[in-house]
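Hello,

Here is the structure I said I would pass on. Please open it first and then read the notes below it.

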Amino acid sequence: ASDDEIFVKALRYIRRLADSRIQIEDVFAHVGRSRNTVETRFRSFLGHSVREEIVLTRLRRARSLLRQTRWPLHKIASASGFATTAHFCRAFKQDGGLTPTEYRSRSEHGADERN
């Protein structure tokens with residue numbers, strides 16, 4: 001929790017709309033502050049950038065869909081806010097070391113360690 005209104009407003013916006021393909025510029029416009037102001041606060045509170053928070057939020061959504069549905073990857077990518085399935089798969093593997101398919105398989109067999 002934070003008392004920083006700019007940070008909280010930006011974070012809520014990202015978490016509410018990351019799956020709708022928002023861009024980092026949308027976040028800055030939503031809070032009405034400069035890129036530098038918002039980025040500084042994200043790095044201070046979360047240790048990473050606004051862009052990284054958008055991707056991480058999308059990946060959390062994708063993990064949930066991989067565990068809870070049998071949707072094909074292209075549908076999960078789109079529903080999570082990724083522009084392409086290829087971008088989704090690259091980001092997913094880079095973040096967790098597994099492909100989405102490997103993650104789903106491990107989740108089905110009770111080996112899911114990420115939320």
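A residue is called exposed when its relative accessible area is over 50%, buried when that area is under 20%, and partly exposed in between. R70 has 59% relative accessibility, so R70 counts as exposed. Please keep in mind that this is a predicted model.

R70 forms a salt bridge with E108, and their closest N and O atoms are 2.2 Å apart. This pair links distant parts of the chain: R70 sits in the loop between α4 and α5, E108 in helix α7, 38 residues apart. E108 is partly exposed, at 48%.

The count of salt bridges comes to six. In one of them, D95 pairs with R63, the closest N and O atoms being 2.4 Å apart. D95 lies in helix α6 and R63 in helix α4, so this pair ties together parts that are 32 residues apart in sequence. R63 is buried, with a relative accessible area of 3%, while D95 counts as partly exposed at 27%.

R61 forms a salt bridge with D19, with 3.9 Å between the closest N and O atoms. R61 belongs to helix α4 and D19 to the loop between α1 and α2, so the pair ties together parts 42 residues apart in sequence. Also, R15, E53 and R60 are linked in a network of salt bridges.

Now to helix α2. Which residues of α2 are buried? They are I24, V27, F28 and V31. These four cover an arc of only 95° around the axis, which puts them on the same side of α2. The buried residues of α2 pack against α1, α3 and α4. Just after α2, G32 takes a positive phi of about 70°.

Regards

Terms used
Residues numbered from 1 in each chain as written. Predicted model: local features only at pLDDT ≥ 70, side-chain atom pairs only at ≥ 80, totals over all residues. Heavy atoms only, no water. Buried < 20%, exposed > 50% of the residue type's maximum accessible area, 1.4 Å probe, protein only. Helix = DSSP H or I, 4+ residues; strand = E, 2+ residues; numbered from the N terminus. Arc of directions from axis to C-beta. Contact = heavy atoms within 4.5 Å. Salt bridge = Lys/Arg side-chain N within 4 Å of Asp/Glu carboxyl O.
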